[in-house]
Amino acid sequence: METKNLANILDETTDSVRTEGEMPREGNLVVPEVLCLLPLREVVIFPALMAPLSVGRESSVQLVNDSMHDGNRLLAVACMRDPTIDNPTVEHIYSMGVVVAVRMMTQTPEGIRIIVQGLHRFAIEEVVQTSPYLKAKVKLLEDEPVSEADAMEVEALRRNIGEMFSRIVQLSPDLPDEMQNMPSNVQDASTLADLVAAQAPRLTYQERQEVLELLNVKARMNRLMQLLARELQVLELGSRLQSEVVQEMGKTQREYYLREHLRQIQKELGEGDDRTQEIDELRARINDCGMPEEAHKEAERELDRLSRMNPAVPDYNVARTYLDWMVAMPWKTSTTDNLDIPSVKAVLDEDHYGLERVKDRILEYLAVRRYKPDGTTRQPILCFVGPPGVGKTSLGRSIARALGRKFVRMSLGGIHDEAEVRGHRRTYIGALPGQIVQGIKRAESNNPVFMMDEIDKVHSDFRGDPSSALLEVLDPEQNSTFRDHYLDVPFDLGNVLFITTANVLDSIIPPLRDRMEVIEIAGYTEEEKIAIARTHLAPRQAAEHGIEKRITFTREALQALVRGYTREAGVRNLEREIANICRKATREFVEGKAKKTRVTPTVVARFLGAPRFENEEALERVTRPGVATGLAWTPVGGDIMFIEAAAMPAPGNRPPVLTLTGQLGDVMRESAQASLSWARAHAAQFGAPAAFYERNDVHIHVPGGAIPKDGPSAGIAMTTALVSLFSGRLTKPLLAMTGEITLSGKVLPIGGVKEKVLGAKRAGIKTVLLPEKNRKDLMEDLPESIRSEMTFHFVKDMDQVLELALEPEAGTVRKPRRSSGVAVGSSTQVPNNPAHTVH
C-alpha cells in the first residue's frame with residue numbers, strides 16, 4: 001500500500017497548467033471544480049487507497065474514456081445507496097465520496113478495468129450534467145483539527161486500532177500476513193483509520209460509508225473501533241471452535257493410528273484384539289443362525305460396515321445393536337407340535353371347563369397336521385369374542401401348553417402408534433423393532449402361540465393406524481414375508497399361531513375382521529360356573545391363601561354364590577367372592593376360632609352378608625295393566641331389561657304425542673313407532689277403549705337412562721307393553737320376550753340368543769318368548785340342562801305373542817307397588833359406552 005504526498009502522485013497532473021475555475025491543492029496538484037461522477041456498486045474508496053475497479057455500465061465506460069482522452073485522470077467516485085439500480089441518478093448516490101486518480105486502465109471484453117488511488121474527500125454541491133453521464137460540482141472536505149485535549153485520546157485510539165487490526169489479520173484467512181505491519185508504518189491517525197476501514201473484512205458498504213463521512217477524527221476512530229471489536233470477537237470465537245474441532249479430530253486420528261499399530265503388533269505376535277474377536281464372533285453367529293439369503297446379505301453388509309467403523313462413532317452402537325437383533329431372531333428355531341390328540345384334549349379339559357367349539361377347532365387343526373406332516377400348513381388366525389371373564393386369554397395359554405409351543409402375549413388395548421406393531425426405522429434415535437418381532441425373539445421360537453389381547457380396543461390417530469398394520473400380520477397370504485421397519489428384511493410369520501381376543505366385533509375394521517376366524521364364547525351357564533368354581537377357582541384360591549387342606553366348598557354354597565352374589569357372564573366376580581370367603585376363613589384360623597371350615601350357604605351368608613341379587617324384581621315390576629318385563633344383550637353378557645308404558649290425558653288443543661325416554665338409539669325409536677302403529681291399528685281386537693289413543697299421550701320409558709340402548713329386538717316387548725296399557729290386561733309374571741316386529745305384526749329373528757337366555761335365567765325368568773327362526777340357535781347353543789329348567793315358546797306373529805304374554809282378562813292390580821306398568825323387552829344395552837352394538 002502506497003501513501004505518497006499528493007503532489008507527487010501523478011506525473012502528468014503535476015505539469016498541468018492552472019485554468020480559470022480551478023482550485024489549488026497541496027503543491028502543484030490541481031483538482032478541477034467540476035468532475036465526472038462515477039457511481040460505484042457496494043464499493044467505498046478511501047483517501048490514499050489503491051483499488052481496482054471494473055467498469056461495465058455503458059455510460060460509465062464513456063465517462064472513463066472521455067476523462068482519459070481529455071488528459072484529465074481525476075474522477076469523483078461515490079457509492080450507490082441501492083446497488084440494484086441500473087441507471088442511477090444523483091438521488092441514488094451518497095452525497096460524499098472521494099476524488100481518485102486513474103493510475104492504470106485496461107480494456108477487457110466485459111468493459112474497462114482501472115486502478116485508482118483515493119486522493120481527497122468531497123461533497124457534491126451541484127449536478128451540472130446528467131447525460132450521457134453525471135458531472136457534478138464538488139467541494140473538497142478537510143478533517144476537523146484534533147484539539148490538544150483530544151490528542152492523547154486519539155493517539156490511544158490509533159494504537160488500539162492498530163493492535164486490533166493486527167489481531168484480525170492474524171485470525172482472518174482472507175488477509176495476507178504482511179498487513180500486520182501496516183499499522184506500525186502509518187503514524188497519522190486519520191490515514192490509519194481510512195486504511196483500516198478499507199481493509200477490514202466483512203464490513204458492509206453502509207458501515208464503510210458511515211466511517212468515510214465522519215470528518216471528526218476522534219469520532220471516526222471510535223466508530224471504527226466498535227466495528228473492529230465486533231469482527232474480532234467473531235473471529236476469536238470461530239478460531240476457538242476450530243481449535244476444539246481440530247483437537248478432537250487429532251485425538252481421534254491418534255487413537256486410530258495407535259489401534260492400527262496395535263493390530264499389526266498383535267498380528268505379528270499371533271494374537272488378536274478384542275474388536276477383531278468381536279467381529280469374528282458376529283460373523284460366525286450370522287452364518288450359524290440360518291438367515292434367509294436376503295437377511296444374510298443385509299447382515300453381512302452391516303457387519304462389513306461395522307468392521308471399518310471407529311467404536312467411538314455413535315453409529316457404531318446403532319449398527320452393533322442391529323446385528324444383535326438379527327442374530328438373536330429364531331430364523332430356523334422352532335418347537336415340535338404335540339400331535340397326540342387325546343393328550344391335547346386332556347390338557348385343554350384340565351385347564352378349562354366347556355368351551356367345546358374352541359377345543360374342537362384346535363383338535364381339527366392337529367388332525368390336519370397329522371395327515372400332512374410335511375410341507376406348509378396354513379396356521380389358523382383365531383379371534384375369541386365374548387364378554388369379560390370367560391377365559392379367552394387363559395385359553396390361549398392353555399392351547400400353547402397343549403401343543404407344546406411357546407406362548408407370547410401382546411396387549412393391544414389403547415395402542416395408537418403403528419410403530420408398536422411394525423417398529424421404528426433405524427434413522428430414529430433409540431429405534432427398536434415392533435412388538436411382533438420382540439415377542440418372537442422373547443419366545444426364541446418361530447412358531448409360538450401369539451396372543452393379541454383386546455384387538456377391539458385399538459385406536460388410530462396422527463401417529464398411524466395400528467389396525468391397518470395388523471392387516472399384513474394376520475393375513476396367512478402375506479405374513480410369510482412380514483417386514484419390520486427396524487429389521488428391514490422379511491421374516492416368516494407363517495408358522496405362528498395367532499389368537500386374538502375381543503369383547504365386541506363392531507369396533508374392529510371390516511378388512512381385519514375378515515382375515516380372522518371368529519369363535520364366539522358366550523357366557524357360562526349356572527352349572528358351568530359351579531363346575532368351574534369346584535374344579536378351578538376354589539382350589540386355586542385356597543392354595544393362594546395357604547388353606548387348601550383346611551377349607552372345603554359344598555355345591556350348595558357355590559350355587560348360592562352364583563345366584564345371590566354374582567350376576568355376570570364370566571367368573572371373575574365369582575372368584576373374587578371365593579377369595580373373600582378364603583380371607584375371612586383364614587382370619588378365623590389365625591384367631592383360633594376354627595381349625596377347619598366347610599363352606600355351606602349359611603357360612604356364605606355369615607361371611608358375605610345377605611344376597612345382593614334377588615329374583616323378586618321380575619315379579620314386582622309386573623303389577624299393573626299397561627305394564628310388562630324382559631331381555632337385553634350387552635358386551636358383558638345378557639340381562640333383563642324393563643320397558644314401561646304410561647298414558648296421560650292429552651290437551652284438547654293439540655294431537656296426542658308419543659314420548660320416548662331412556663337414552664334410546666334411532667333404531668329402537670323407530671321400533672317404538674312401529675309398535676305404536678300396530679297397536680293402534682289392532683286396538684279393537686284386544687278390547688281397547690274407543691278413541692283411547694286420540695284422548696291420551698303415550699310415554700314409553702326404558703329404565704337405566706345412563707346406559708345407551710339400541711336395536712330392533714325390543715319390538716314385540718314394546719308392543720306388548722302398549723297393548724297391556726290400552727287393554728288393561730296384565731302381563732304374565734316371570735315371562736320375557738325378544739324379537740323384532742314389522743308393521744304387519746310379523747316377528748323377525750334376532751341375535752345373541754344364548755346370552756339373553758342366560759341373562760333371563762340369572763334373573764329368575766321362567767318363560768321366554770323367542771322368534772320361530774331362532775329355534776335352531778336355542779337348540780345348538782343352549783345345553784339341555786338350561787332348556788329343561790325353562791319354558792320356551794317360539795312365535796311367528798304378534799297374535800301369538802299377546803296370547804302367551806297377557807293374562808286372559810283385565811283384572812285388578814297384582815300386589816300393587818308401582819304407579820306405572822313395565823314390560824320385559826329385548827334390545828341391546830352397552831354400559832357406559834355410546835358406541836353400542838345393534839342386534
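Helices (H or I, at least four residues) and strands (E, at least two) are DSSP runs, numbered from the N terminus. This is a predicted model, in which local features need pLDDT of at least 70, side-chain atom pairs count only at pLDDT 80 or more, and totals for chains, interfaces and linings use all residues. Residues are numbered from 1 along each chain as its sequence is written, and side-chain values use heavy atoms, with hydrogens and water left out.

User: In which loop does Asp488 lie?
Analyst: Asp488 is not a glycine, yet its phi is positive, at about 60°. The residue sits in the loop between strand 12 (482-483) and strand 13 (490-491).

User: Is Asp488 buried, partly exposed or exposed?
Analyst: Buried means under 20% relative accessible area, exposed over 50%, and partly exposed in between (1.4 Å probe, protein chains only). Asp488 has 38% relative accessibility, so the residue counts as partly exposed.

User: Why does Leu734 count as buried?
Analyst: Leu734 is found in the loop between helix 25 (715-727) and strand 25 (735-737). Its phi is positive, near 55°, in a residue other than glycine. Leu734 counts as buried because its relative accessibility is 19%.

User: With which side chain does the side chain of His352 make a polar contact?
Analyst: His352 lies in the loop between helix 11 (341-351) and helix 12 (356-371), and counts as buried at 9% relative accessibility. A polar contact is a pair of N or O atoms within 3.5 Å; within protein, one must be able to donate a hydrogen and the other to accept it, and residues adjacent in sequence count only if both atoms are side-chain atoms. At 2.8 Å, the partner of the His352 side chain is the side chain of Ser394.

User: Which residues does His352 touch, not counting residues up to four places away in sequence?
Analyst: Contact means heavy atoms within 4.5 Å. With residues up to four places away in sequence left out, His352 touches Lys359, Gly391, Ser394, Leu395, Ser398 and His536.

User: What is the separation of the C-alpha atoms of Leu40 and Ile93?
Analyst: Leu40 lies in strand 3 (residues 34-40) and is buried, with a relative accessible area of 8%. Not counting residues up to four places away in sequence, Leu40 touches Ile45, Leu53, Val77, Ala78, Cys79 and Met80. Leu40 and Ile93 are 53 residues apart along the chain, and their C-alpha atoms are separated by 8.6 Å.

User: Is the peptide bond from Ser131 to Pro132 cis or trans?
Analyst: Pro132 is found in the loop between strand 7 (111-129) and strand 8 (134-140). With omega near 0°, the bond from Ser131 to Pro132 is cis.
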